[in-house]
Amino acid sequence: MKLCMIGTGYVGLVSGVCFSDLGNDVICVDKDKNKIDLLKKGKIPIFEPGLSELVIKNFKNKRLKFSSNLKKSINNSDIIFICVGTPTKKGGSSADLSQIYNVAKEISSSINKFKIIITKSTVPVTTGDEIEKIIAKKNSKKKFSIVSNPEFLREGEAIRDFIYPDRIVVGSNDKKSNRILKNLYNPLISKGAQYLNTSRRAAELIKYASNAFLATKITFINEIANLCEKTGISVEDISIGMGLDKRIGSRFLRAGPAYGGSCFPKDTKAIISTADKFKSNLSVIKSVIKSNENRSNILLKRVSEILNNKIKNKKISFLGVTFKANTDDMRDSSSLIMIPSLSKKGALIKYYDPTGFKKEFSKIKNVNYENSIKKTIEDADLVIIHTEWNDFKSINFSKLSKRKKIIIYDLRNIYSVDKMKNQGLKYYSVGR
Ligand code: UGA
């Protein structure tokens, strides 16, 4: 099939490349010419394990193309995926849909034959109705069909999530579009993915409700972890015990720092804003946001306790600063709250991240990047393990540290409490 992905950000690029790998002809379009030129040279603008190899392979065999010519790309395709960003509106909490509507206008003047137009971007319920209105201004309704097909990829696991999705959600009542899309996704359905055909509005809401629910699960276990710390229980036992109940499930029950990234913080705010518009109160999600916003304060208080309330001039080292492992994404990472706060209190901070230096900290006093784990932790009073990269999972702290007394605060529960104690290390973790 001939596909056009509009927007070569996370969603557009990963799904475009994976669709081409399944044998489709895919054009990835972006108005950023520079980005397109780099992609044509095999240079990938985002960090995603395995993506570069797939781009190079499919670009070479000519199933994957890159272009900044939107009109031509639309003309040559049967299915158009809108994959542009829907960030939080500046100074507000709702999703900024300006890029979506601009693209819809451009599509409306480029339709030469029947097109299936799909929103893959995360868009509030009723956005599909608006897109339909925009396109219908210039085109007969027989010439296009607007479908919602939300994306459930996780950064760092995106390719696996694309190939082995739990479910594929297609929101449309149009029989022709549904037949074509089921065919497009058939290679994944035949490997076990559930295919759900529903209404367009339901598909839009499924995406937000899913992200909000996962954010709720994480926030829930983080609060339970606080209670575990006070009662001498391991939160991991609680996660296992709860997760064995099939109604609950074991995934997304890992306690840790505040959740972050480009999706959960943005989407939880946006779903509340949508509900407000429809005069509906999502009080559970509101309290999830509040609890998550307070999470970094709780962890910072614990840092203070660990250091006997003496933070000034203490050497604190961060291992990993991105919002999670296997990504270079800093968006809404809890390190953006924790590091500036500790620097303000006079701590001397070093950090190491497998994805390198972060400009976000360049102007913060006494915060320095080191290019190895050793250099980062050798003279630290306290090492904070902030992300769960494999690189951090078997560090010989006693060997790398010049200090007699190294303290470790493991925010991802990577290490076993007993093993660390047996090595004579002062070790703190979350909910244990
Ligand atoms: C999330 C969803 O998981 C995807 O299904 C969705 O497609 C995506 O948002 C999106 O809307 O585009 P992502 O933000 O890439 O994916 O990352 P997650 O793996 O979900 O992690 C989000 C945050 O939750 C991270 O800060 C992570 O450290 C935290 N987390 C996750 C926990 O603290 N505990 C867990 O058990 C799981």
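How much area do domain 1 and domain 2 bury between them, and what share of it is on carbon and sulfur atoms? The two domains bury about 770 Å² between them, with 57% of that area on carbon and sulfur atoms. The views below are taken from a predicted model.

**View 1. The domains of the protein chain.** The chain is divided into three parts: domain 1 covers residues 2-149, domain 2 covers residues 208-293, and domain 3 covers residues 295-429. The centres of domain 1 and domain 2, taken over C-alpha atoms, are separated by 31 Å.

**View 2. The contact between domain 1 and domain 2.** Eleven residues of domain 1 and nine residues of domain 2 take part in this contact. The area buried between the two domains is about 770 Å². On the side of domain 1, Thr88, Ser93 and Thr122 supply 46% of the area that this domain buries against domain 2, which is more than any other three residues.

**View 3. The shell around the ligand.** The ligand is surrounded by 19 residues, and the closest are Leu153, Glu155, Lys207, Asn211 and Cys263. Sorted by class, the shell contains nine nonpolar, two polar and eight charged residues. Both domain 2 (208-293) and domain 3 (295-429) give residues to the shell, so the ligand lies between these two domains.

View 4. Helix α10 has the largest share, with three residues.

**View 5. The two ends of helix α2.** Helix α2 is made up of residues 33-40. At its start, a side-chain oxygen of Asp32 comes to within 3.2 Å of the backbone nitrogen of Asn34. Just after α2, Gly42 has a positive phi of about 80 degrees.

Key:
Residues are numbered from 1 along each chain as its sequence is written. This is a predicted model: local features need pLDDT of at least 70, side-chain atom pairs count only at pLDDT 80 or more; totals for chains, interfaces and linings use all residues. Side-chain values use heavy atoms; hydrogens and water are left out. A residue is near a molecule or strand if one of its heavy atoms lies within 4 Å of it. Helices (H or I, at least four residues) and strands (E, at least two) are DSSP runs, numbered from the N terminus. Ala, Val, Leu, Ile, Met, Phe, Trp, Tyr, Cys and Pro count as nonpolar, Asp, Glu, Lys and Arg as charged, and the others, Gly among them, as polar. Domain bounds come from an automatic or database domain assignment. Contact means heavy atoms within 4.5 Å. Buried area is the accessible area (1.4 Å probe) that two parts lose on being put together, summed over both. A polar contact is a pair of N or O atoms within 3.5 Å; within protein, one must be able to donate a hydrogen and the other to accept it, and residues adjacent in sequence count only if both atoms are side-chain atoms.
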